[in-house]
Amino acid sequence: MLKSATNHYPGGFSQGPTNFDFDKCLLILRDGTEIFIDSLVAQIKIVESIRRVATHVNISIVDTHDFIDLLKLDGTEKIKFIISRKEPNGELKKFEREVIIAEIAGYKRINPGTLTYTLSCIPEFAYLNQYKTISKHVSGSFQNSIKNICTGDLSISDKDLEISKSGTAFKCIIPRMKPVFAINWLLRNADDGGTPYYFYQKANGKICCRSKKEMISDSIYNTYDNKPFFNIEKPVNEDDDTGKIAYFQELQKKITRDRSEIKMSKFYSGAEGSYGATVHHLDIAEKKYNKTKYEFANKNLLNENPPLASDSKIANTDIKTFTEGRNYFINKNTLAFDDSNNYHENITSKSLGEMMSHKALNDTTAQRFEIPGDFDLHAGAVINLELLRVAEIEDTLNNLSEVLSGRHLVTTVEHLFQPSGYTMVVSAKKDSFITSLDTRRVRNE
């Protein structure tokens, strides 16, 4: 089972980033009884994403006692587990989570004495969300309103929240909605410098509300490459800690498998409002109508160069001048409140167009790759990728792909703990390039 995945140097330090310690896994019954199920767990998968409100934990079970029948499980039991690793620099990294069973899936009897199934688990606040609706008047910033819903309606501890402190003031009435839907409804009209907000949970349990602008302003977490060689020789037990740490860190940066997707087609992105849009405003109180055109602005991108060349044209017309391909409609009531903006007035036409442009451009290029496990890499982090381009054999090792390389935003991380080790599948996307599309590398023979 999972305990077999750990290899240590003398002193208890892990030899590589695929190693981990499966410290504990408890099944907590409805009456509070705790049962150790460490020996039944074949695999644990934790999925976090900036597009997913709650983390999803899948625990694969090999059961020779038929615990479902013996313990009369009904799907409201809790699972508590601890996975850790002592790294060569002396730091102890760990995931310590308590989640609730949401579904028992994939039930199979592989032989007369053995069952296999998956405990599909979610955090308690996501479970509670399914049983509640809210309808209330809220005012102040979006962030304060979201924090109040989290702590009040979803019973989330304040210490587990990482919510941005910026935001404009507004008033509105939340119609009857589930709390999580209400949070996403509030964020629809919230922007930070023309960039959207995301509400999501990290694998360590922290719940975040951050804008894209905040995310990309962070320092680069790490640089990853797919070069087929190592700069540091594998250390042995007698080597000093400096070499062990350096080798461990190089292993963490090495991409073992990768897949690239390029979605640079202006045919699809134009219809999504990437480079231009029109925002229509109807003020039902003042009986006024106006519309505002949005043209692409090279702002708050991950890399210096936009996904648009200066000579990009359709029908001999600059592509940025097309603003009718995507239309947005806002119904406003400017007399709803005497002293504050309401829900629909909070976002300007320019901000809405720019925010939707950022959402559409996120998929300009997408990477999905596997790396050794890292407890600290999380959804919402900014990473740098150095990916080799296809070239002549003698050139390949020294030439990076200028289209695929660069700063990326991590959108999804799948943490996979299995007997063979701890690995991660990372999905990362970017909206821009490290070099201009106006430059072309052409070799004359």
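Predicted model: local features only at pLDDT ≥ 70, side-chain atom pairs only at ≥ 80, totals over all residues.
Helices and strands here are DSSP runs, numbered from the N terminus.

The largest pocket has a volume of about 500 Å³. Its lining is made up of 22 residues, and those nearest the centre are Arg 97, Glu 98, Asp 160, Gln 201 and Gly 205. Which elements each supply at least two residues of that lining? They are strand 6 (92–111) and helix 2 (124–129). Strand 6 gives the most, with 7 residues.

Besides lying among the residues nearest the pocket centre, Gln 201 has a bridge partner in strand 13, namely Ile 207. Strand 12 (residues 195–201) and strand 13 (residues 207–211) run antiparallel and are joined by 5 bridges. Both belong to an open sheet of 4 strands, ordered 9-13-12-11, with mixed pairing. Strand 9 (161–163) and strand 11 (191–192) are at the edges; each has a single partner strand, so one side of each is left without a neighbour in the sheet. Helix 3 (residues 142–153) packs on this sheet, where it touches strand 9, strand 12 and strand 13, and its direction makes about 165 degrees with that of strand 9. Helix 4 (residues 179–187) lies across strand 12 and strand 13, and runs at about 160 degrees to strand 12.

Which of its residues are buried? They are Lys 244, Tyr 247, Phe 248, Glu 250, Leu 251 and Gln 252. An α-helix has 3.6 residues a turn, so residues three or four places apart point the same way. You can look for that spacing in the list of buried positions, which includes Lys 244, Tyr 247, Phe 248 and Leu 251. The buried residues of helix 6 pack against strand 5 (78–86), strand 14 (223–225) and strand 21 (365–372).

Our last stop is another open sheet, this one of 3 strands in the order 17-16-20, also with mixed pairing. Its edge strands, strand 17 (288–295) and strand 20 (327–332), each pair on one side only. From one strand to the next, the twist averages 20 degrees. Strand 16 (residues 276–283) and strand 20 run parallel, joined by 6 bridges. To find this pairing in the model, go to His 281, whose bridge partner in strand 20 is Ile 330.

How values were computed: Residues numbered from 1 in each chain as written. Heavy atoms only, no water. Buried < 20%, exposed > 50% of the residue type's maximum accessible area, 1.4 Å probe, protein only. Contact = heavy atoms within 4.5 Å. Pairing = 2+ DSSP bridges. Axes fitted to C-alpha atoms, helices over the stretch in contact; angles between N-to-C directions. 1 Å grid on protein atoms, 1.4 Å probe; cavity = no way out; pocket = protein on both sides within 12 Å on 5 of 7 lines; lining within 4 Å. Points joined across faces, edges and corners; volume = space filled by probe spheres on them.
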